[in-house]
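Hello,

Here is the structure we discussed passing on.

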Amino acid sequence: MSTNKTTATKADPAGFLANVTPDAKRADAAALDALFRDVTGWQPRLWGPSMIGYGRYHYRYASGREGDFLATGFAPRAHGFSIYIMPGYADFGDLLAKIGKHKMGKSCLEVRKLADIDQAVLRQLIEAGLERLRTMWPVTPE
């Protein structure tokens, strides 16, 4: 049975975020951290080398594969930010239509900078994603 390559680490998320460059991206990362903390009420954990996660969920598929993963979060990337809403964005087309300039992955919203998106809509997406995830799997703050 395979295991997740990306797991929660003991690394300090604040230290990681303090080293994001350039300065404008570091400021956006700090703003995203504050937004996710406010929406979730949870402290961040670093997952893998670069994903800032809030909460976790435990999944078990019919195949028997099971594991833990971040409930929601983001990662600074070379060309902006990846924002993770589990279990994906398929049910949130109405919010995506209002969020602003972005690209999509399966569970990843890609944005260049926070100024390109409506943060109030992002807040709604985070809340809706967590609500949907809770209908599928147990979600915990840690």
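This is a predicted model: local features need pLDDT of at least 70, side-chain atom pairs count only at pLDDT 80 or more; totals for chains, interfaces and linings use all residues.

Residues are numbered from 1 along each chain as its sequence is written, and side-chain values use heavy atoms, with hydrogens and water left out.

Helices (H or I, at least four residues) and strands (E, at least two) are DSSP runs, numbered from the N terminus. Two strands count as paired if DSSP finds at least two bridges between them. Buried means under 20% relative accessible area, with a 1.4 Å probe and protein chains only.

Strand β3 covers residues 66-77, and nine of its twelve residues are buried. On one side of the pairing list is β2 (residues 51-60), antiparallel to β3 over eight bridges, with H58 opposite D68. Five residues separate β2 and β3 in their hairpin, and G64 in that turn has a positive phi of about 100°. β3 also runs antiparallel to β4 (residues 80-85), through six bridges; here T72 faces I85. The β3-β4 hairpin has two residues between its strands.

A nonpolar core is a set of buried Ala, Val, Leu, Ile, Met, Phe, Trp, Tyr and Cys residues joined through side-chain atoms within 4.5 Å. The largest one has 43 residues, and F74 and I83 have the most contacts inside it. Elements giving two or more residues to this core include β2, β3 and β4. The largest share, six residues, comes from α4.

Regards

Notes:
Buried means under 20% relative accessible area, exposed over 50%, partly exposed in between (1.4 Å probe, protein chains only).
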